[in-house]
Number of protein chains: 2
Amino acid sequence: MRMTRQRREILAVLSRTRSHPSAEEVLRQVRTTLPRVSLGSVYRNLKTLREAGLVREIVTAEGRRYDAVTAPHPHFVCERCSRVFDLARPLPPRALRRALPQGFAVSQIHLELRGTCSECGSQP
Amino acid sequence: MRMTRQRREILAVLSRTRSHPSAEEVLRQVRTTLPRVSLGSVYRNLKTLREAGLVREIVTAEGRRYDAVTAPHPHFVCERCSRVFDLARPLPPRALRRALPQGFAVSQIHLELRGTCSECGSQP
DNA sequence: ATAGAAATAAGACTCATTCTCATTTTAGGC
DNA sequence: GCCTAAAATGAGAATGAGTCTTATTTCTAT
């Protein structure tokens with residue numbers, strides 16, 4: 001994978017924030033340094049960087065967000081402002097609830113494991 | 001909320017399966033009994049039923065799926081065939097891994113808490 | 001049975017994401 | 001440093017899931 005100016009800048013943007021920006025937000029940031037970057041390139045590069053293990057995609061009900069911290073970790077999604085917060089890893093769900101920052105109220109816990117099922121795993 | 005034929009049938013479809021169908025799949029099933037139902041009605045009613053607490057929406061990287069079991073519980077998403085499997089509730093992540101059905105391989109664990117953050121919670 | 005409110009089917013619309021393609025950039029060998 | 005083939009880019013078209021609009025139909029409470 002070529003480390004182009006666009007990719008370097010996308011990574012830089014993601015590295016200097018913990019706000020889990022959307023693709024549009026990444027574009028806005030990247031354009032402050034590289035004004036001609038297209039939205040298509042941002043999407044294409046977020047995918048490439050994700051496949052290279054340098055970026056993590058977080059799918060929430062509010063849309064896809066991006067993160068330069070690739071180790072899987074729990075998130076807290078505010079259902080009002082849609083912001084995504086990181087939580088310390090790894091904690092059992094009960095402790096998680098206690099470990100939440102002051103004033104955060106949980107309405108729903110969603111635990112999703114991803115991988116291959118037995119049927120697909122036994123196929124070539 | 002009126003319990004119309006369409007809504008009753010959507011609920012029936014979701015109740016008689018554990019396959020977490022997409023809206024399109026629900027439409028296909030519902031049309032075997034009510035052939036004139038529109039996709040718009042399915043979406044509208046899935047939303048209404050969700051707001052009434054009778055249906056749960058599961059957002060995965062592969063799209064939105066629907067479930068008549070509304071209690072939050074962990075899911076296993078097969079990254080190859082996209083099927084969503086239910087897992088027994090509530091288990092700490094470590095035990096979850098052990099509790100997985102034979103032959104299921106986990107590549108990623110995604111824990112998402114939803115609710116309101118402190119900033120939004122302190123606003124009217 | 002009827003009227004008013006709510007729900008419906010059909011299709012137009014929106015908007016995030018992906019695709020296409022002509023042009024530009026990059027990295028490696030000279 | 002220069003050249004070349006492969007890879008990446010920008011621009012805009014295309015896709016597709018989900019939402020909205022509207023005229024018509026169906027409920028349900030009286």
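Visitor: Why does B:Arg65 count as buried?
Guide: Set the value against the cut-off. Buried means under 20% relative accessible area. B:Arg65 has 11% relative accessibility, so B:Arg65 counts as buried. Keep in mind that this is a predicted model.

Visitor: Where is the place of B:Arg65?
Guide: B:Arg65 belongs to strand S2 of chain B, which covers residues 63-67. Residues it touches, beyond neighbours within four places in sequence, include B:Ser19, B:Pro21, B:Glu25 and B:Val84.

Visitor: Is B:Glu57 buried or exposed, and how do you know?
Guide: Its relative accessible area is 17%. The cut-off for buried is under 20%, so B:Glu57 is buried. B:Glu57 sits in strand S1 of chain B, residues 56-60. Its side chain makes a polar contact of 3.0 Å with the side chain of B:Tyr66. B:Glu57 is also in contact with B:Arg65, among others.

Visitor: What does A:Arg18 count as, and why?
Guide: Exposed means over 50%. A:Arg18 has 59% relative accessibility, so A:Arg18 counts as exposed. A:Arg18 lies in the loop between H1 and H2 of chain A. Leaving aside neighbours within four places in sequence, A:Arg18 contacts A:Val84 and A:Asp86. From A:Arg18 to A:Val69 is 51 residues in sequence, yet 8.8 Å in space, C-alpha to C-alpha.

Visitor: Which residues of helix H1 of chain A are buried?
Guide: In this helix, residues 5-15, they are A:Arg7, A:Glu9, A:Ile10, A:Leu11, A:Val13 and A:Leu14. The buried residues of H1(A) pack against helix H2, helix H3 and strand S2 of chain A.

Visitor: How do you know how many disulfides there are over all chains?
Guide: Check the sulfur distances. A disulfide needs two cysteine sulfur atoms within 2.5 Å. The sulfur of A:Cys117 has its closest cysteine sulfur in B:Cys78, at 3.6 Å, so that pair is too far for a bond. For B:Cys120, the closest cysteine sulfur is in A:Cys81 at 3.7 Å, again too far. The count over all chains is zero.

Visitor: Are A:Cys117 and B:Cys120 buried or exposed?
Guide: A:Cys117 has a relative accessible area of 1%, so it is buried. B:Cys120 has 6%, so it is buried as well.

Visitor: What makes S1 and S2 of chain A a pair?
Guide: Pairing takes at least two bridges. S1(A) and S2(A) have five, in the antiparallel sense, so they pair. One bridge links A:Ile58 with A:Arg65. A hairpin of two residues joins the strands.

Visitor: What is the order of the open sheet of six strands?
Guide: The order is S4(A)-S3(A)-S5(B)-S5(A)-S3(B)-S4(B), with mixed pairing.

Visitor: Why do S4 of chain A and S4 of chain B stand at the edges?
Guide: Each has a single partner strand, so one side of each has no neighbour in the sheet. Neighbouring strands here are turned by 30° against each other on average, direction ignored. For S4(A), the partner S3(A) is joined by three bridges and runs antiparallel. In that pair, A:Phe76 is the bridge partner of A:Phe85.

Visitor: What rotation superposes chain A on chain B?
Guide: A rotation of 180°, with 0.0 Å of shift along its axis and an RMSD of 0.1 Å. The two copies are therefore related as by a two-fold rotation axis. In chain A, the C-alpha nearest the axis belongs to A:Leu111, at 2.2 Å.

Visitor: How do you know that the copies meet through the same surface?
Guide: Of the interface residues of chain A, 100% are also interface residues in chain B, so the surface is the same.

Definitions and conventions
Residues are numbered from 1 along each chain as its sequence is written. Chains are lettered from A and ligands numbered from 1 in the order in which they are written. This is a predicted model: local features need pLDDT of at least 70, side-chain atom pairs count only at pLDDT 80 or more; totals for chains, interfaces and linings use all residues. Side-chain values use heavy atoms; hydrogens and water are left out. Helices (H or I, at least four residues) and strands (E, at least two) are DSSP runs, numbered from the N terminus. Axes are lines fitted to C-alpha atoms, for helices over the stretch in contact, and angles run from 0 to 180 degrees between N-to-C directions. Buried means under 20% relative accessible area, exposed over 50%, partly exposed in between (1.4 Å probe, protein chains only). Contact means heavy atoms within 4.5 Å. Copies are superposed by least squares on the C-alpha atoms of residues with pLDDT of at least 70 in both. A polar contact is a pair of N or O atoms within 3.5 Å; within protein, one must be able to donate a hydrogen and the other to accept it, and residues adjacent in sequence count only if both atoms are side-chain atoms.
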